[in-house]
Amino acid sequence: MDPDYSHKRQYMKFMTDRSVSCRYAMFDRHGGASTGFFAAFNSSYGVGDDDFAVTENRMRIKETLGLDFLVSARQVHGDHIYCLKERPAADHEVDGYDALLTNLPNIGIMIQHADCQAVLLYDPNRQVIGAVHCGWRGSVQDILGKTVKTMTEVFNSRPADILAAISPSLGPCCSEFVNHARELPAAFQSFLVRQNHFDFWRISRDQLTASGLYASSITISGVCTSCSTDYFSYRRSIRSGGDPTGRNCTVAALGMGK
Ligand SMILES: [Zn+2]
């Protein structure tokens, strides 16, 4: 881990009234091996960055969290949920999923995002974690509700036990949707904060509480990736002329680490 930047990372552990048995990190863009538009901690192979640099960044993620392997997804803004129940033999990326669940210790499940939310879920009773990629299309599809439901069906979780953390992502300050009448359901109108601007942090919180989580179990980072230059931001790259941009990464793992 690069000590010069570790203080900038939101690196914490889900606290429970039992033992602490899950750790997670919401990485900012500093302290990585990528250069140019992708400087420096780009986690994604799919955005035009040098593969060697991305692999080095992913190694640093594994070192930081003490992971055996890292499992991620080529995300598609859909609502498919991948349940990892057998121990992998290597790092790998599954295709076409936007949520990952596992009950295996020391396997990092990672979301790649630049303005979209990464939402981490942890059930300390059943020892299950989830990582969800949730942009506005995910909110429209209620991928959070579907992921909680899958935790109950596949891992016997009780929603009231589940803790959640929402990563740095597009804040209500920058969530402008000029086509909202066409793109967003009418129910989202109650999350309108000013003309064409919606509070997707509150939408996620409400979808989670509608799924049975306690509001007090949900932590919202509150950092807007479009405002803060410490994070990659798709919206900010568009504002600056459409330059490519990297992806932030948010990772969770079960267990105490090495
Ligand atoms: Zn903002």
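Eleven salt bridges are counted in this structure, which is a predicted model.

**Salt bridges**

| Pair | N to O distance |
|---|---|
| K62 and D91 | 3.1 Å |
| D68 and R87 | 2.5 Å |
| R202 and D199 | 3.7 Å |

Take K62 and D91, whose side chains meet in a salt bridge. K62 sits in helix 1 (residues 51-65), while D91 sits in the loop between strand 4 (81-84) and strand 5 (92-95), so this pair ties together parts that are 29 residues apart in sequence. The two ends differ in label. K62 is buried, because its relative accessible area is 14% and the cut-off for buried is under 20%. D91 is partly exposed, with a relative accessible area of 37%.

D68 pairs with R87 in another salt bridge. D68 belongs to the loop between helix 1 and strand 3 (69-74), and R87 to the loop between strand 4 and strand 5, so the contact ties together parts 19 residues apart in sequence. D68 is partly exposed at 23% relative accessible area. R87 is also partly exposed, at 45%.

D199 is buried, with a value of 11%.

**Zinc site**

Which residues coordinate the zinc ion? The donors are the SG atoms of C173, C174, C224 and C227, at 2.3 Å. The site is tetrahedral, with angles of 103 to 117° among the four donor atoms. In sequence, the donor residues follow the spacing C-C-x49-C-x2-C. C174 and C224 link distant parts of the chain, 50 residues apart. C174 lies in the loop between strand 10 (163-166) and helix 4 (180-183). C224 lies in the loop between strand 13 (218-220) and helix 6 (234-239).

Are C174 and C224 buried or exposed? C174 is buried, with a relative accessible area of 17%. C224 is buried as well, at 6% relative accessibility. Both count as buried because these values fall under the 20% cut-off.

How values were computed: Residues are numbered from 1 along each chain as its sequence is written. This is a predicted model: local features need pLDDT of at least 70, side-chain atom pairs count only at pLDDT 80 or more; totals for chains, interfaces and linings use all residues. Side-chain values use heavy atoms; hydrogens and water are left out. Donors are N, O and S atoms within 2.8 Å of the metal (3.2 Å for Na, K and Ca); water is not among the atoms, so sites may look incomplete. Four donors count as tetrahedral if all angles lie between 85 and 135 degrees; four count as square planar and six as octahedral if opposite donors are over 155 degrees apart and all others between 65 and 115; anything else is irregular. Helices (H or I, at least four residues) and strands (E, at least two) are DSSP runs, numbered from the N terminus. Buried means under 20% relative accessible area, exposed over 50%, partly exposed in between (1.4 Å probe, protein chains only). A salt bridge is a side-chain nitrogen of Lys or Arg within 4 Å of a carboxyl oxygen of Asp or Glu.
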